[in-house]
Amino acid sequence: MVVAPPGSGKTYVITKRIQNLITKYHVSPENILVITFTKAAALEMKERFLQAMEGAYGPVTFGTFHAVFFQILKHAYHYSREDILAEDEKSQIFRELIQFHDFEGEDAEEWAQKFMAEISCFKNSGKTQEEYKAVSMEKQLFDEIYDKYEKKLRAMRKLDFDDMLLHCQELFTKRKDILSLWQNKFSFILIDEFQDINPVQFQVISMLAKPEDNLFIVGDDDQSIYGFRGSSPEIMLSFPKYYKNVKQISLEYNYRSQSCIVEGALKVIVHNKNRFPKNFQAVKEKGREIEIQEFEDRLEEHEELANMIENYKKEGGKYSDIAVLFRTLMTSGQLCERLAERRIPFLMKEKVSNIYEHFVAKDIFAYMTLGAGSKERKDLLRVLNKPKRYISRSILDGPYFDLEDLKKYYEEKEYVMERFDKLAYDLDMIGKMPPFAAVNYIGKGVEYENYLKEYAFSRNQKPDAFLEVFQEIKERAKAFPTWEQWKRGILQYGESLKRQREKKENKAEAVVFLTMHGSKGLEFPFVILPDANEGITPHKKAKMPEEMEEERRMFYVAMTRAKERLYIAYIKEKNGPLHQASRFVKELEEREEK
């Protein structure tokens with residue numbers, strides 16, 4: 001077991017290990033299996049190996065878990081690619097399954113993604129359906145959709161990606177002859193990024209490695225950040241318990257980052273209790289101190305970040321040297337808008353949904369449009385009973401409406417008349433306010449936030465996700481003095497995202513936007529970590545100690561992507577916990593003061 005902290009040369013270690021096995025110990029290349037977690041990592045590893053061998057090719061097997069297990073199943077059952085469920089087929093199945101449930105059309109796609117993620121997590125957990133506890137939905141709803149999904153797969157005679165692991169596990173358990181065949185084939189197994197392994201993957205690999213147990217694993221427990229996929233640092237931390245004779249080697253030098261960055265990252269990660277102790281240091285000189293900056297609000301923060309990026313370019317740097325890393329892409333929108341205004345090119349490395357297309361945003365815009373004087377039926381229909389006003393949709397029978405005319409249908413129902421009067425008053429108030437104040441009024445005065453809570457509870461869901469969208473939209477409204485200007489900004493943002501999706505070249509001269517998850521394995525001369533506030537990083541969903549430790553590992557991973565310069569920004573405490581500096585920033589600053 002090689003414990004390899006960030007920038008310590010783990011790829012070099014693995015390729016030299018393979019070379020040594022072949023040239024020094026005369027192991028046949030075809031008996032060597034190298035497993036990675038991504039196709040890109042497998043290709044890079046293979047290229048590095050071929051360079052190390054200086055053209056002397058050996059048929060070593062490089063592949064992801066899924067690719068390797070598919071080859072095993074293909075050999076046993078004659079599977080082809082057509083037997084594996086494509087992602088677009090999978091999405092279509094879930095869209096069909098949830099159409100019979102009471103989900104609004106606008107959030108149906110979000111639910112489809114949620115079911116796919118939850119079922120994938122279950123299949124990788126190694127637990128039975130009875131043992132598994134769904135995280136993002138009620139158990140009854142999960143079981144219902146899961147059973148229908150599995151029935152559909154059987155009818156189509158297909159496997160999904162996660163099934164490949166489960167079927168391989170089942171094959172090895174039932175067919176010892178086939179297991180023995182592959183054990184003889186792969187007598188030396190090397191695994192990269194071992195901290196990301198999940199229980200099912202580990203069980204299959206443990207079976208495959210026997211009886212010799214020639215396992216060579218490389219990873220860093222401090223970089224285990226994929227808990228939502230079922231991975232856990234516990235497997236790596238317990239590796240010496242599974243294999244009593246394991247030899248543990250720790251790489252102790254970082255060749256990537258300046259000394260200040262490495263020291264700062266270590267000051268944060270040492271607060272985690274469940275980890276291997278490490279004696280880790282940088283090879284490079286001290287370099288530039290980590291910059292930590294407090295701002296009054298996000299507007300000020302993003303203006304300064306845009307200025308800083310422009311200045312970096314003017315001083316001879318490249319836009320592509322810069323990576324802005326977010327805890328979630330939801331908080332990236334405002335900075336996207338600022339950079340687009342300044343014509344600073346940026347590249348979204350991961351797919352990001354347009355928050356303005358969310359049903360919560362559309363509801364807010366309907367209220368804003370009505371407040372601005374719209375009499376169109378479609379606008380009123382959208383929010384007629386959000387919150388509940390007991391007004392029937394059937395009374396709106398033309399393309400336009402008049403509230404006074406509509407009231408006549410309910411002259412004998414005083415409680416509905418009162419709601420009509422309140423709606424008229426609310427729309428008048430919204431029309432007189434700038435966007436931020438108007439959205440705030442929609443949430444509190446109109447009681448739309450209470451509607452979101454009721455909507456969530458009626459679907460056995462926590463309201464946090466919907467309220468988070470509402471708060472993000474309210475935050476973005478601050479940048480616009482009028483509704484007309486905000487509408488133009490919304491249109492420009494949508495066009496900007498569309499251009500991002502159409503970009504074919506990923507190596508464009510542009511600032512890179514990534515999530516902390518997506519930045520894993522990458523490095524950049526200049527890294528910016530915005531919104532380093534409690535509730536964002538660590539995320540407000542992290543409640544348990546193990547969840548908080550994963551959040552800290554994520555921040556550690558983000559910090560150690562920086563080679564030369566690291567800039568951390570947070571918003572000043574203003575309106576409660578959301579605006580407190582992240583505990584990770586405080587850990588960094590407190591240590592420096594000592």
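## Helix α18

Helix α18 takes in residues 414-432, 19 residues in all, and in this predicted model the distance from its first C-alpha to its last is 28 Å. That sits close to the 27 Å expected at 1.5 Å a residue. Which residues of α18 are buried? They are Val416, Phe420, Leu423, Asp426, Leu427 and Ile430. These residues lie on the same side of α18, because the arc they cover around the axis is only 130 degrees.

Look at the face turned away from that buried side and you'll find the exposed residues Glu414 and Lys432. As for what covers the buried residues of α18, the list includes α15, α16 (377-383), α17 (403-407) and α19 (435-444).

## Domains

In soluble globular proteins, nonpolar side chains tend to be buried together. Here the largest nonpolar core has 73 residues, and the members that touch the most others are Trp486 and Phe513. Helix α15 (residues 359-371) supplies the largest share of this core, with nine residues. Where does the core lie relative to domain 3 and domain 4? It lies between them, because domain 3 (259-345 + 509-589) and domain 4 (356-489) both give residues to it.

Phe513 is worth a click in your viewer. Leaving out residues up to four places away in sequence, Phe513 touches Val324, Phe326, Ser332, Leu335, Cys336, Leu339, Phe346, Leu347, Met348 and Lys349. Apart from this core lies another one, made of 41 residues, with Phe69, Tyr79, Ile197 and Tyr243 among them.

## Salt bridges

Side chains of opposite charge can pair when their charged atoms come close. The structure holds 48 salt bridges. One of them joins the side chains of Glu303 and Arg338, at 3.8 Å from N to O. This pair links distant parts of the chain, with Glu303 in helix α13 (residues 298-314) and Arg338 in helix α14 (residues 333-342), 35 residues apart.

Lys478 is partly exposed at a relative accessible area of 27%, while Glu475 is buried at 10%.

## A charged network

Some charged residues go beyond a simple pair. Lys10, Asp192, Glu193, Asp196 and Lys520 are linked in a network of salt bridges.

Technical notes. Residues are numbered from 1 along each chain as its sequence is written. This is a predicted model: local features need pLDDT of at least 70, side-chain atom pairs count only at pLDDT 80 or more; totals for chains, interfaces and linings use all residues. Side-chain values use heavy atoms; hydrogens and water are left out. A nonpolar core is a set of buried Ala, Val, Leu, Ile, Met, Phe, Trp, Tyr and Cys residues joined through side-chain atoms within 4.5 Å. Buried means under 20% relative accessible area, exposed over 50%, partly exposed in between (1.4 Å probe, protein chains only). Helices (H or I, at least four residues) and strands (E, at least two) are DSSP runs, numbered from the N terminus. Domain bounds come from an automatic or database domain assignment. Contact means heavy atoms within 4.5 Å. A salt bridge is a side-chain nitrogen of Lys or Arg within 4 Å of a carboxyl oxygen of Asp or Glu. The expected span of a helix is 1.5 Å times one less than its number of residues. The arc is that of the directions from the helix axis to the C-beta atoms.
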